[in-house]
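Good morning, and thank you for joining.

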Amino acid sequence: MSYGLNEAPSATAVTIGAVTLANPFILAPLAGLTNWPFRRLAKEAGAGLTVTEMVSATALVFKNRATLKLLETDPAVEKPFCVQLFGKNPDHIAEAARLAVDLGADIIDLNLGCPARKVVANGHGAALLKDPPTITKILHALVRAVKVPITVKTRPAFAPKTGATVFELLPLFVDEGAAAITLHPRLASEGFSGEADWQQIARLAEKSPIPIIGSGDITSPAQALEKLTNYGAAAVMIGRGAKGQPWFFHQVLALWQRKIIPEISLTKRLSTAERHAKLLFESMGPKAPFMLRKVLMWYTKTLRGAVDFRARLSQETNLENQLALLVECLARHEILTANEQAEANEENKTRT
Ligand SMILES: Cc1cc2nc3c(=O)[nH]c(=O)nc-3n(C[C@H](O)[C@H](O)[C@H](O)COP(=O)(O)O)c2cc1C
């Protein structure tokens, strides 16, 4: 599925260890959402990198079937391919990284930022920010287990005056061989509340000898470019802002390369949603309709007054009826202006 854009690597291409990204716009990992169909559409729209949702290292070592499914990909499309692991057992994480590389991973990212209660309760994700010796052991094991670059994705700290800050951990990350750091600048204790503090990304980028990737609250292509330009980040991640609009990457690339934001026609919106549906069925089989309902809702968020559609869609499980509803909705509702879309994305952030 092409957007007709020349995606040749630019002169300012980003390198993560030995891996070069064609551009600095990355699809963020979103647990339960950035499955293979979503990543594929983002990649086809031009994303410089796509990352799996967080994958339990221990479950992967035990070859849990649902966990293996999270690594579904197609190397002809998803290159480079980044697998994010979480856990706290250095041996499991090293073994999981080896398995992920065997399955095609070009980069392994370590989750040090997830604030979810059940993750933190096990000492995983952001809880590791309170345990730097374990981070050292994990990174030490990871860089020796695989040849691909190891990156970390983190928060500035767990909570005020609790554990280590990302600034204190920077020498550890660098000494242990991390190739890049993604910072989502909200404390883990803040979850997703308030605003991402991009000044912290700027401060970290200033101090860091390795690339810093900024993540947080990018809701429009113009914002993505503004954040990339003004805060010293080598690349930026787009998460919630790409839900239901994988063409976000096409638009931001066009803006970056040619200073224009192409309109996405109703026909293109519909064909993308249809393709998303088809890919979900191919990937998930009988479980697809439940995911699809959520996904098709995303595609209406840039339309004015689509509330009635969402109510009807929430009752519908048959694919053909779902798509017919979407066609009707696209035909009846105007697309929001760029400003209105940014506001809708802003509201959508609270409905993850
Ligand atoms: C539903 C949801 C799931 C997420 N899952 C992950 C994850 O698996 N791994 C991770 O590192 N970050 C995860 N994040 C954080 C995002 O990658 C990103 O850093 C954060 O949402 C801020 O970016 P955004 O405003 O562009 O969404 C998740 C966020 C949300 C909202």
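A residue is called buried if 20 or more other C-beta atoms lie within 10 Å of its own, exposed if 12 or fewer do, and partly exposed in between, with the C-beta atoms placed from the backbone. G46 has 25 C-beta neighbours inside 10 Å and therefore counts as buried.

Two remarks on conventions are needed here. The model is predicted: local features need pLDDT of at least 70, side-chain atom pairs count only at pLDDT 80 or more, and totals for chains, interfaces and linings use all residues. Residues are numbered from 1 along each chain as its sequence is written.

Let me turn to the overall architecture. The chain holds 15 helices and 11 strands, where helices (H or I, at least four residues) and strands (E, at least two) are DSSP runs numbered from the N terminus. The chain has a radius of gyration of 20 Å, close to the 20 Å that the globule rule gives for 352 residues, so it is as compact as a globular protein of that length. That radius is taken over C-alpha atoms, and the rule is 2.2 Å times the number of residues to the power 0.38. The C-alpha trace spans about 55 × 45 × 40 Å along its principal axes. Of the 352 residues, 47% are buried.

The domain assignment, which is automatic or taken from a database, gives domain 1 (14-258) and domain 2 (266-349). The C-alpha centres of domain 1 and domain 2 are 27 Å apart.

Two residues are in contact if their C-beta atoms, placed from the backbone, lie within 7 Å. Among contacts between residues at least 6 apart in sequence, 68% join residues at least 24 apart. A nonpolar core is a set of buried Ala, Val, Leu, Ile, Met, Phe, Trp, Tyr and Cys residues joined through C-beta atoms within 7 Å. Which members of the largest nonpolar core touch the most other members? They are I26, L85, I108, L142, V236 and I238, in a core of 81 residues. Leaving aside neighbours within four places in sequence, I26 is in contact with A47, G48, L49, V51, I213, A235, V236 and M237. Apart from this core lies another, of 18 residues, including A273, A277, M291 and L292.

The ligand is surrounded by 23 residues, the closest being A28, A31, M54, G239 and R240; a residue is near the ligand if its C-beta atom, placed from the backbone, lies within 6 Å of it. The shell divides into 10 nonpolar, 9 polar and 4 charged residues. Here Ala, Val, Leu, Ile, Met, Phe, Trp, Tyr, Cys and Pro count as nonpolar, Asp, Glu, Lys and Arg as charged, and the others, Gly among them, as polar.

I close with some local details. G46 lies in the loop between helix 1 (36-44) and strand 4 (49-51). The peptide bond from K79 to P80 is cis, with omega near -10°, and P80 sits in the loop between helix 3 (65-69) and strand 6 (81-86). K63 has a phi near 55°, a positive value in a residue other than glycine; K63 is exposed, with 9 C-beta neighbours inside 10 Å. K161 also has a positive phi, of about 55°. K161 occupies the loop between strand 8 (150-154) and helix 7 (166-175) and is exposed, with 7 other C-beta atoms within 10 Å.
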